[in-house]
Amino acid sequence: MSEENLAGVEPVVTFAGASYSINGRLLVGPLDFAVSRGETVVFLGESGSGKTTTLRLINGLIHPTEGTVSVNGRQTSAWDGVQLRRNIGYVIQESGLLPHLTVNKNVGLVPKLKGWTPAEIARRVKEMLELVGLSPGDFGDRYPHQLSGGQRQRVGVARALAADPPLLLCDEPFGALDPATRRALQREFKELAHRLDKTVVFVTHDVREALLLGDRVIVLEAGRVRFTGSPQEFSTSDVPAVQAMLGDSWTS
């Protein structure tokens, strides 16, 4: 199996008894679940529930202290970390764009690191900007500070997709946007992910966002899975953690 390619094997992500501790303090786990190819799984939970830690276990920034986490059938500890992360797309809050690079160079960064030719990069950047609704001629030479928040997030999505990774990790990417922009980008992101057949692991604390985007919702509380199921199953669940979230969501 090539370390250069994450595509073609299901499940894409597997947690098998995976836990992560620091100095004897258990932060997450044990976790047992898998993410299938083309599926969007949303980690839903409050701050401190273990969502981002679980995401970092997937991209190999940290490794489980017990059990295993595998990407494309290979344990993350067995991957070359750089190669693993270059084959995963990231969409994060405030887009994470490099302020000293133009939009074109931000979007083309990972293809450049992967050794694409300048012509290939230019074609891909143009394609990705058009995909997220930004005119390459109008936006390509701008810098991040010259964009609105919604435009920066669109560029962030374009950058995440530029090297055509089969797996996207999204850490509350729309959390800092105004409600109208956030709703628009949520709908567009959902359509893009499904049309491009991407496997997505998405982190949020927003119930409405989880139910809109997720094929499956995993509720984390104190580092443990309290619920896993479809949005429809979530909406009718009698699990206390879910009931509390539903109450807060519909009354807030």
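Where does Glu-172 lie? I found Glu-172 in the loop between strand S7 (167-171) and helix H8 (179-195). Helices (H or I, at least four residues) and strands (E, at least two) are DSSP runs, numbered from the N terminus.

**Ground rules.** I noted that the model is predicted, that local features need pLDDT of at least 70 and side-chain atom pairs pLDDT 80 or more, and that totals for chains, interfaces and linings use all residues. Residues are numbered from 1 along each chain as its sequence is written, and side-chain values use heavy atoms, with hydrogens and water left out.

**Entry 1: Glu-172.** Is Glu-172 buried or exposed? I looked up the cut-offs: buried is under 20% relative accessible area, exposed is over 50%, and partly exposed is in between (1.4 Å probe, protein chains only). Glu-172 counts as buried because its relative accessibility is 15%. I then listed its contacts, meaning heavy atoms within 4.5 Å. Leaving aside neighbours within four places in sequence, Glu-172 is in contact with Lys-51, Gln-93, Val-203, Thr-204 and His-205. I also checked Gln-83, which is 89 residues from Glu-172 in sequence and 24 Å from it in space, C-alpha to C-alpha.

**Entry 2: strand S7.** In S7, 5 of 5 residues are buried. Leu-167, Leu-169 and Asp-171 point one way, while Leu-168 and Cys-170 point the other way.

Which strands pair with S7? Two strands pair if DSSP finds at least two bridges between them. Strand S6 (residues 88-92) runs parallel to S7 and is joined to it by 5 bridges. Ile-88 has Leu-167 of S7 as its bridge partner. Strand S8 (residues 199-204) is also parallel to S7, over 5 bridges. There I found Leu-169 partnered with Val-201 of S8.

I recorded S7, H8 and S8 as a right-handed β-α-β unit. Right-handed means that, with the strands pointing away from the viewer, the path from the first strand over the helix to the second runs clockwise.

**Entry 3: helix H8.** H8 has 17 residues and spans 24 Å from first C-alpha to last, close to the 24 Å expected. The expected span is 1.5 Å times one less than the number of residues. The buried residues of H8 are Arg-182, Leu-185, Gln-186, Phe-189, Leu-192 and Ala-193. They lie on the same side of H8, because they cover an arc of only 140 degrees around the axis. The arc is taken from the directions from the helix axis to the C-beta atoms. I read in general terms that an α-helix has 3.6 residues a turn, so residues three or four places apart point the same way.

The buried residues of H8 pack against helix H5 (118-131), H7, S7, S8 and helix H9 (207-213). Just after H8, I noted that Asp-197 has a positive phi of about 60 degrees.

**Entry 4: the cores.** A nonpolar core is a set of buried Ala, Val, Leu, Ile, Met, Phe, Trp, Tyr and Cys residues joined through side-chain atoms within 4.5 Å. The largest nonpolar core has 42 residues, and Phe-189 is among those that touch the most other members. Helix H7 (residues 149-161) gives the most to this core, with 5 residues. A second, separate core of 26 residues includes Leu-169.
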